[in-house]
Structure formats: C-alpha cells, structure tokens
Amino acid sequence: MGFRLLVRRARAGVPGARMCESLTVYRDEPPIPAWSSAVREFRRARADELPPHYRFGYRFTVPLLEMPLYLPWLENQVHRAGAWQVRRTVRGLDELADLAPDVVINCAGLRAGPLADDAGVYPIRGQIVRVANPGVSVSVRDEAHPLGRAYVHPRTHDCILGGSLDAGAWDRTPDPQLTQSILRRCRDLVPQLAEAEVLETLVGLRPGRGEVRLEIDAAASFSTPVIHNYGHGGSGVTIAHGCAREVADLIGSL
C-alpha cells in the first residue's frame with residue numbers, strides 16, 4: 001500500500017519524491033531476498049555495476065524521499081485538509097482532552113512511551129554524514145560491511161551516508177571516529193565519493209519498540225478515546241501510510 005502510494009507521488013512530481021535506481025551488494029553469494037517481489041525491476045547486478053571487491057549484488061528501483069522537500073509538502077497537505085497546530089508541553093494525554101474531545105491519537109515518537117506509561121519504548125541512535133553530491137544517481141547499500149552497515153542515498157544536491165543503529169543510546173553528539181568510519185565504508189561502495197565535500201554530521205534518535213503499538217487504549221484513564229500509533233523505529237517512511245489507514249479505520253470503529 002505505502003509503496004504504491006509513494007510510486008504515484010513520485011510519478012506525480014510531488015516535491016522530494018522520485019524513483020531511484022538502487023543496488024544492494026554482497027561479498028558472498030546471497031539468496032534472493034524476500035522483498036524482491038515488492039520492488040520494481042528487480043534483477044541481478046552485472047559485474048560492471050558492482051563496486052571494487054564485490055562479487056554479487058541486486059539492482060532494483062524504489063521510491064526515494066528527500067525529507068527537506070517532502071515533509072513541507074506533507075505538512076501543507078495536512079493544513080489544506082483543515083488541521084491546525086498548537087504547541088504545548090504535556091505530561092499526560094489527558095491534558096489534550098480540551099483540544100481533541102472526540103479522540104486523542106498518540107504518535108509522539110520517542111516520547112510516546114512516557115505519555116502512555118510504556119517502558120518498552122527506547123531510542124535507536126543513528127549517525128549519518130551529509131556530503132556534496134559529485135554526480136551519484138544510484139543508491140547503494142551493504143548491510144554486512146566489516147566496519148558496519150553502509151548506505152549511500154543520493155539526493156538532488158547532496159548524498160546521505162550512513163550509518164549506525166545503537167539501541168538504547170541517547171547521546172546526540174556526533175562521534176568523529178564514527179564519521180570517519182562511515183566515510184570509509186561508503187567510499188568502498190561508491191569510490192566517486194572519495195573527494196566529495198563533507199557538509200555535516202547529524203545524529204538522530206529513532207523511536208524503537210519491540211513492535212509497533214497501534215491500538216485503541218482500553219485502559220485510558222480519562223473519557224476521551226485514545227489510539228496509540230508509535231514504535232516505528234527506522235521504518236517510518238515504509239509503514240507510515242498503512243499505519244495511518246489503520247488509525248482511520250479504528251476511529252471509524254469508535
């Protein structure tokens with residue numbers, strides 16, 4: 001559902017959305033991945049398409065989103081649908097009853113757990129490096145690089161290089177050694193990045209949980225119905241639309 005939606009948005013020219021040629025590489029011959037039927041134009045990569053020292057890979061096409069462009073467009077769609085924003089610090093969901101007398105939807109990301117008294121929510125620290133794009137057009141990934149997971153996502157004017165998945169880590173200070181490791185592993189994937197200008201290093205915290213919590217809270221302590229929608233980890237883009245549809249269905253069942 002979400003894949004087809006993003007394909008339509010890419011084809012419609014939605015800001016920040018486009019179809020991107022992608023390559024995942026391996027040192028040892030892999031089985032055909034389970035997700036192969038979910039992407040477009042899946043095939044084995046030719047030898048001339050692989051980086052040095054890699055023998056195997058798969059090529060395919062998937063939607064790519066440039067968040068600095070896509071999120072403002074998405075926010076504008078929400079406003080056009082009649083929503084408005086209120087900024088408020090809250091310590092409990094019951095403090096929102098005056099704003100949402102019919103239903104409260106808890107999708108507060110990493111802070112959704114404390115609002116719902118759910119100790120299962122935890123941060124997944126991710127560090128990336130943003131570099132100038134020297135002309136890279138193919139997204140490349142190696143989940144088993146000896147230095148750690150590696151990916152190169154080309155955007156219009158830059159490339160996002162990653163990355164890390166540190167469960168339970170709250171520190172948002174960039175680690176210079178990790179930055180150098182990310183640069184090294186990503187240059188293995190795309191040698192064209194060797195001279196690319198480093199623009200900045202960024203750290204973010206993904207909202208982790210054992211599984212997404214998407215349900216009506218039957219134990220809510222106040223009269224307004226509460227629907228929880230949190231714990232998406234690093235899969236927000238992938239499952240956002242499907243989760244939103246499920247939330248809409250739950251609202252319809254109230």
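A polar contact is a pair of N or O atoms within 3.5 Å; within protein, one atom must be able to donate a hydrogen and the other to accept it, and residues adjacent in sequence count only if both atoms are side-chain atoms. The legends below describe a predicted model, in which local features need pLDDT of at least 70, side-chain atom pairs count only at pLDDT 80 or more, and totals for chains, interfaces and linings use all residues. Residues are numbered from 1 along each chain as its sequence is written, and side-chain values use heavy atoms, with hydrogens and water left out.

**View 1. Asp142 and its side-chain partners.**
Asp142 is found in strand E6 (residues 139-142); helices (H or I, at least four residues) and strands (E, at least two) are DSSP runs, numbered from the N terminus. The side chain of Asp142 makes a polar contact of 2.8 Å with that of Arg27 and another, of 2.6 Å, with that of Tyr54. Asp142 and Arg27 are 115 residues apart in sequence, while their C-alpha atoms are 9.2 Å apart in space. Asp142 counts as buried because its relative accessibility is 2%; buried means under 20% relative accessible area, exposed over 50%, and partly exposed in between (1.4 Å probe, protein chains only). Leaving aside neighbours within four places in sequence, Asp142 is in contact with Val25, Arg27, Tyr54, Gly148, Arg149, Ala150 and Leu189, where contact means heavy atoms within 4.5 Å.

**View 2. His145 in the loop between E6 and E7.**
The side chains of His145 and Asp188 are joined by a polar contact of 2.9 Å. Not counting residues up to four places away in sequence, His145 touches Arg27, Tyr54, Ala150, Arg185 and Asp188. Is His145 buried or exposed? His145 counts as buried, because its relative accessibility is 7%.

**View 3. The largest nonpolar core, of 21 residues.**
A nonpolar core is a set of buried Ala, Val, Leu, Ile, Met, Phe, Trp, Tyr and Cys residues joined through side-chain atoms within 4.5 Å. The members that touch the most others are Val25, Val131, Val152, Leu161, Leu189, Val190 and Leu193. At least two residues of this core come from each of E1, strand E5 (122-132), strand E7 (150-154), strand E8 (158-162) and helix H4 (176-189). H4 provides the largest share, 5 residues. Apart from this core lies another, of 7 residues, among them Val14, Ala17, Leu65 and Tyr70. Leu189 touches Val25, Pro51, Tyr54, Val140, Arg141, Asp142, Ala150, Tyr151 and Val152, with residues up to four places away in sequence not counted.

Two strands pair if DSSP finds at least two bridges between them. Strand E1 (residues 17-26) runs antiparallel to E3 and is joined to E3 by 10 bridges; Ala17 stands opposite Leu65 of E3. Strand E2 (residues 40-44) also pairs with E3 in the antiparallel sense, over 3 bridges, and Arg43 has Arg59 in E3 as its bridge partner.

**View 4. Helix H1 (residues 2-11) and what its buried residues pack against.**
The buried residues of H1 are Gly2, Leu5, Leu6, Val7 and Ala10. They pack against E1, E2, E3, helix H2 (67-80) and helix H5 (236-253). Just after H1, Gly13 takes a positive phi of about 80 degrees.

**View 5. The open sheet E4-E12-E11.**
This sheet has 3 strands, and its pairing is mixed. Strand E4 (104-106) and strand E11 (213-216) are the edge strands, each pairing on one side only. From one strand to the next, the twist averages 15 degrees; axes are lines fitted to C-alpha atoms, for helices over the stretch in contact, and angles run from 0 to 180 degrees between N-to-C directions. E4 pairs with strand E12 (residues 226-230) in the parallel sense over 3 bridges, and Asn106 stands opposite His228 in E12. H5 packs on the sheet and touches E4, E11 and E12. The direction of H5 makes about 10 degrees with that of E11.

**View 6. Cys20 and Cys186, with Cys159 as the closest cysteine to each.**
A disulfide is a pair of cysteine sulfur atoms within 2.5 Å, and a search of the whole structure finds 0 of them. The sulfur of Cys20 is 9.7 Å from that of Cys159, too far for a bond. For Cys186 the distance to the sulfur of Cys159 is 9.4 Å, also too far. Cys20 is buried, with a relative accessible area of 1%, and Cys186 counts as buried at 0% relative accessibility.
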